[in-house]
Amino acid sequence: MKKVIAYLLVVALLVAAYVVGRAPVVEAYKEFPLIGARSAVWIVVQVMLLFAAFILAVPVFTVIIEAMGYLKKDERYDKLARDFSSLLPAAYMVTAFLGSLFTLLSFTLYPKFTGYMAGIFRPTIYIFFGLIILETALLYIWSYTWDKIKKVNHLWLGIFLNLVGTLVMFVGNAWTSFQTSPAGVDPSGNLVNLTSAIFNYTFWPLNLHRFTANVSFGGFICAAYGAYRFLSAGAPDEKAHYDWMGYTGVFIGIVTTILLPFIGYWFGVEMYRFNEQMGITFMGGALSKIWLLQALVIAVIFIGTCYYLWLGMDRIPGSERYRRYVPYLSWGLIIAFAVWSVPRAWVASLEEMGAGGHPIYGRLGIMAPKIAAVNIAVLMVILTFLLNRRANREVLPGRRVYTYAQWAIIFLVVLVNLIALYYSYIVPSATRIKISIATFVLMIPAIGLIYIFDGLLLKGSRKLGDIRWGHMPPRSQYALIAVTVSNIWAMALLGYGRAAARLNWHVYGIMEDTSKYAGLPAMGEATLIISALTLLFLGLISAVFYFSGTGRQKG
Amino acid sequence: MRGGIRLIIVALIVTGLYAWFGNMIPQSPWEAPKRKILTAEMSPRDLAKEGMTIFRKAGCGVCHSVVGEKLRARDLSRIGSERDVESLAGVLYSGIDIMPPANKPPVNLTDAEITALVAYLQNLGGRPKVRIGDIKPPS
């Protein structure tokens, strides 16, 4: 079957080459039939990036889970890690195909731009392909030596695989971030310093943001896979395994997701440092509607995950004691996202910016109070996880002091953020930004201390019973699937947003887009394409899951 | 298979919801600015009209109000009576604080477009006087 797929992929690639090659030449651009050049490249590159995110993320947490299994001497973790890793070979094949198709489309539809980028980054292209060959070889060695070499050596091999995979991503990010914030070139675009071109303003924030988002994305994909298998499973032990898989996936997904607003803020700061006008256009100008959609999608991810975890408390003996907190947590999340979703401005073009703010909400939609609201939403998610951890534990009386310490920290965080939220509406923007950074910085030790105190609190505690894995209503699994689909959609939306920040520039301020697609589509058209490519990705990844599952069963 | 069908239904509902929402909000695509030929024969008033379009398309209104509101940068509703041609052109060519030079990317205006923009700014609280060729770009 794999051979048939490989042949089909090659045929599809040749057909694409033929179609693109026959397209009429328009100056530095060529046209693509039916959907146009921009949509063709957009769809292919985004689906490829989603696959790339998957194949980079899965080895990261597979190695972590494998290490946990090794340290805890628990076979379940090793089985789970192996389950995840079995998805990789087929996913690699699809990624390689999409990568080839993207390269082909770029060179044929946008020859001038692609030629320019290849000229600037020529040495890194050789490094990129060298790293891909090394990564592929390592992946196959890593996959086929699972039980054949010592576990410690296998773990080191996995770490090395991740290191190479991360470097592949860094090289690709150098090219993408250069498009957004070019450096190391003169005003005409001639290369002056390759190192500066690579390490441009947005290079490191993009690296960190993509790495974290990839792990989060991989976690959610595995959670959805667990949900799909749970819904299809009949035997109780099978349901229990996939319930646990879904929980582990969503845990990885949400823990890494709560880091993303902080890293995203850093990305925004670097964008402002590079070019204030770009930053303003991105956050409050022509792209302001993206943030409304982002708030909606992130709200679904956060509230959907918490909903799944609240339902999951029913399978934990002793959780009844904590159910009374759930309404407060849900209202906290709803209010936080209501603040977040207030639009800063209601424009889709720079011409409409004369009035500055939103016609109804005015200054209510400024960014700083939203950061305070995000902090509070993150805190609600952390509290939900704490309830899950504590649900089947009876704490020793002498250790209750740590609960009071945790409450004190939570109270302090909420108070500081509410004060920041209030003052952000009335102080100048420079002060607002400083307040936002301070609230962010406060969150990191606060979260750390909450978890340290939780560890101390649960030390020596008595277990009230085993978690009844598999005892979950179907709606919990629908929530997991909805959260995963939203995560994919969010990645595609924000990928579009980052590219759209360049407006009519291939390389901002250096190479102008003079094609008929210069400019941005209306939000409705963009969301249709994002939805279509999300469904395309889901279809392809489902095929990967199906063939990986078939292969595993045969094995 | 049962799980697969349910997965497809949930995926269609979720992606459909976001696409529906994206299409429900007011739509206005952003078009790249198009160059217009500005000639020496144009009157200052005609230039000011063109300058207003350039002001909007170039994104000046993101930071500057022309109706007396306080936005990110100074209000320009009386700028025509407060600054002379040289001062206005100087700021546009060299930029000030966070405002980028208007003749360089990403704004990337031509000398004629900058002259039209100056005519528009003169019109705010004053009377447009400048013509194409009056402003000498810095060497």
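In what order do the elements of chain B run from the N terminus on? Colour chain B by secondary structure and you can read off α-β-α-α-α-α. That makes five helices and one strand; here helices (H or I, at least four residues) and strands (E, at least two) are DSSP runs, numbered from the N terminus.

Before moving on, a word on what you are viewing: this is a predicted model, in which local features need pLDDT of at least 70 and side-chain atom pairs count only at pLDDT 80 or more, while totals for chains, interfaces and linings use all residues. Residues are numbered from 1 along each chain as its sequence is written, and chains are lettered from A and ligands numbered from 1 in the order in which they are written.

**Stop 1: confidence**

Colour by pLDDT, the predictor's confidence in each residue, from 0 to 100. Chain B averages 86, and 96% of its residues score at least 70. Where pLDDT is low, predicted coordinates should not be read in detail. The model as a whole scores ipTM 0.86 and pTM 0.86.

**Stop 2: the outline of chain B**

Buried residues make up 38% of the 139; a residue is buried if 20 or more other C-beta atoms, placed from the backbone, lie within 10 Å of its own, exposed if 12 or fewer, and partly exposed in between.

**Stop 3: where the chains meet**

Now show both chains. Here 37 residues of chain B are in contact with 49 residues of chain A, contact meaning C-beta atoms, placed from the backbone, within 7 Å. Helix H1 (2–24), strand E1 (30–31) and helix H2 (44–57) of chain B each supply at least two residues of this side of chain B, and H1(B) gives the most, with 15 residues.

Next, select strand E7 (residues 519–520) of chain A together with E1(B): two bridges join them, and they run antiparallel. Two strands pair if DSSP finds at least two bridges between them. Zoom in on A:Leu520, whose bridge partner in E1(B) is B:Trp30.

**Stop 4: the cores**

Select A:Ile481. Which residues does A:Ile481 touch, not counting those up to four places away in sequence? They are A:Ala224, A:Ala227, B:Leu7, B:Val10 and B:Ala11. A:Ile481 is also one of the residues that touch the most other members in the largest nonpolar core, which has 162 residues. A nonpolar core is a set of buried Ala, Val, Leu, Ile, Met, Phe, Trp, Tyr and Cys residues joined through C-beta atoms within 7 Å. Helix H2 (residues 37–72) of chain A provides the largest share of this core, 21 residues.

**Stop 5**

Most residues other than glycine have a negative phi. Select A:Leu34, in the loop between strand E2 (29–30) and H2 of chain A: its phi is positive, near 65°. Then try A:Leu503, in the loop between helix H18 (474–500) and strand E5 (505–507) of chain A, with a positive phi of about 50°. Is each one buried or exposed? A:Leu34 is exposed, because 7 other C-beta atoms lie within 10 Å, whereas A:Leu503 counts as buried, with 25 C-beta neighbours inside 10 Å.

Key
Contact = placed C-beta atoms within 7 Å.
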